[in-house]
Amino acid sequence: MILLHVIELRSLQLIPKSPSKPRFLSSSSLSRRSLPRFRENPTNRNATHPIVLKNPLLSLLERCKSLCQVKQIQAQMVMTGLIFDGFASSRLVCFCAVSDCRNFDYCTKILYNLQNPKVFSWNIAIRGAAESENPEDVIVLYRKMLEHGGCRPDNFTYPPMLKVCAGLVLKDMGHEILDHILKLGLDADIYVHNAVIHMLVSCGEQELARKVFDESLVRDLVSWNSLINGYVRSGRAKDALELFREMQVEGVEPDEVTMLGVVSSCAELENLNMGRESHQYIEETGLNLTIPLANALMDMYVKCGDLEEAQRIFDNMEKKTIVSWTAMVVGYARFGFLDAARKLLEEMPERDVVPWNALIGGYVQAKCGKEALALFHEMQAGNVRPDEVTMVHCLSACSQIGALDVGIWIDHYITKHNLYLNVALGTALVDMYAKCGNITRALQVFHEMPARNSLTWTAIIGGLALHGSAHDAISYFLEMIDVGLMPDEITFLGVLSACCHGGLVDEGRKYFAQMSSKFSLYPQLKHYSCMVDLLGRAGLLEEAEELINSMPIQFQADAVVWGALFFACRVHGNVLMGERVGMKLLELDPHDSGTYVLLANMYGDANMWDKAGKVRKMMRKQGVEKTPGCSSIEVNGIVYEFIVRDKSHPESEQIYNCLVQLTRQSEFVECMSDLANHSDESLLSFELETQKPIFCGNYSAQAYCIM
């Protein structure tokens, strides 16, 4: 429908058909025009106009409280002939368009039935449409205005229309309107000019907006603000700050709107020094610290890591909005102060999904997946509707603790509520299914995604590596390169992990070398750890040790790297190297119980009991106790954690009884499997000796043994 209106606009006779590209930058347009005489903005409904006060009907119209009363006044105007007066009819249209009890449909009915509506009536109706629930109706009104032919659009006709194009990002329609502006010679009006810049930057045409701005002589503070904030919204913070410096050089004094863009730019660049200078300027010049500006300052300090200053601004605010509270919740959650963030969340007078997302994301960032899901359930209980960001955080929490049932529920929720499967959400689903054990569903989601980025490919490559599908992981890696996406360090971590699980030594060497030679990525400690593990599993212990010794100076091998080699030494029985590596590990962390235990076990496997005893004695002397392992299991969407001989669960006795039964059953299955593996000759010989049915007798004996 909107496109149809654009086409129809071109065909109207009032304005000549223009070329497809706007001739906005010609020498005859903005740059050579002077500022027009200031005119009062007619969209301000002046209820105290002298004529209004003198006329009883018009004065009564301004006091109407309902549409019914308006219709009564209109009837009186028709009966008295006042409706034919241009000023009086325009007041009626104005009231129906922009008053507190406005009714846009009735406004257009009145307007379309007037004999000679003035341009003011059309303008005020267009403004009313722009502020209505269906702002695109401005195009319908504008088309009717041109078809009527009784009046010519002026400089107050176009700003509301351009504002609608900016808000709805209707670039093509904005250019059509711009053509009309140029044809009518209204481009030199300051209101129109600023509206044009605002429309262009909102539609993503920053370069054209900047060119219009640079070549124009009709610009004021609003022009500067429109372009600065346009740069901010499009993520071009550096350009915004450069334009602000130009503005200062030209001697234009900034206002609160200017500083809002400047502070937001500092936040995006995490430039704390520039942010502090801007804050100081605001205080020294006495600019009004509006709520949006205060919120922007808090956001800047939070992103730059100065929580104390953000808290000070928050405490000094007389009126706090939900944005103010959310900024502080985000700040404390971002830096790991989860208790403080939780306290602020509970104190908020009203809460939408954003602060909940911030806190849930904070718990996920802190690797507290169980707490994150508990907070999500609390959010649901508060009737706060989750969005895509919530789902991403919750899926990440499921990945951390292996909560597959909850992840499946989230998957169904996404489908049921038609949440858009964007790249972030799809990638989180792939990662969750892969890490929770359902690689088949992970692959299905991967192929169903409408768009994928390098993170999505990295997730599926890592998932396939985790499930031992080494060749598939490498195949997806090569396909990722073919589609033109660049791998990062995490992608190569998945590839090297796949080579490690699959024992693909040559491939591992190749891709490890390609990181720097082909993709300009420098291996990190985790990549070296993977390579050491790969070489160690293959028995190439000397090569693994040489790789560690050849690591760059900036990367000193940590306990993870040496630990991979130490484990390989024990597996392959290289006691001499294992002893050397084990002592190195104890130097790095003398309180790691795992190193003592593995070293003692290695000595035990080699029948070196004296040395094994010395290690255990050393462990006791250091006061190191073996850290019990912790496992978790998900039952009916609830994740339970337990350690060795744990009796904290209220049903621990029944759980242990169940484990005993499972153990006995597994032993029985193992015994039956051993019997089934006997050769046919042995079975026949045994049957001839006993002259009894072998399976019945042995089954009974086995059953008796188990019970």
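Reply: Gladly! About 950 Å³ of space lies in the largest pocket. This is a predicted model, where local features need pLDDT of at least 70, side-chain atom pairs count only at pLDDT 80 or more, and totals for chains, interfaces and linings use all residues. Residues are numbered from 1 along each chain as its sequence is written, and side-chain values use heavy atoms, with hydrogens and water left out.

Me: What makes a space a pocket?

Reply: On a 1 Å grid over the protein atoms alone, a pocket is an open set of points with protein on both sides within 12 Å along at least five of seven lines. Lining residues have an atom within 4 Å of a point. The largest pocket has 29 of them, and Asp-431, Lys-435, Thr-458, Ile-490 and Leu-493 lie nearest its centre. Among the elements that give two or more residues to this lining are α25 (423–435) and α27 (454–466).

Me: How is the lining of the largest pocket divided by class?

Reply: There are 14 nonpolar, 10 polar and five charged residues. Ala, Val, Leu, Ile, Met, Phe, Trp, Tyr, Cys and Pro count as nonpolar, Asp, Glu, Lys and Arg as charged, and the others, Gly among them, as polar.

Me: Which residues lie nearest the centre of the second largest pocket?

Reply: Pro-159, Pro-160, Lys-163, Tyr-191 and Ala-195 do, in a lining of 21 residues. The second largest pocket holds about 490 Å³ of space.

Me: Why is Asn-383 called exposed?

Reply: Exposed means over 50% relative accessible area, buried under 20%, and partly exposed in between (1.4 Å probe, protein chains only). Asn-383 has 73% relative accessibility, so Asn-383 counts as exposed. Its place is in the loop between α22 (369–381) and α23, and its phi is near 60°, a positive value in a residue other than glycine.

Me: And why is Val-169 called partly exposed?

Reply: Val-169 has a relative accessible area of 48%, so the label is partly exposed. Val-169 lies in the loop between α9 and α10 (171–184). Phi of Val-169 is near 55°, again a positive value in a residue other than glycine.

Me: Which residues make the nonpolar surface patch of about 350 Å²?

Reply: Ile-655, Tyr-656, Leu-659 and Leu-662 make that patch. Leu-659, found in helix α37 (residues 652–676), has a relative accessible area of 44% and is therefore partly exposed. Nonpolar side chains (Val, Leu, Ile, Met, Phe, Trp, Tyr) are joined within 5 Å, and like charges within 9 Å.

Note on methods:
Patch = residues over 30% accessible without salt bridge, like charges linked within 9 Å, V, L, I, M, F, W, Y side chains within 5 Å. Areas by Shrake-Rupley, 256 points an atom, 1.4 Å probe, with all protein chains shown as cover. Salt bridge = Lys/Arg side-chain N within 4 Å of Asp/Glu carboxyl O. Helix = DSSP H or I, 4+ residues; strand = E, 2+ residues; numbered from the N terminus. 1 Å grid on protein atoms, 1.4 Å probe; cavity = no way out; pocket = protein on both sides within 12 Å on 5 of 7 lines; lining within 4 Å. Points joined across faces, edges and corners; volume = space filled by probe spheres on them.
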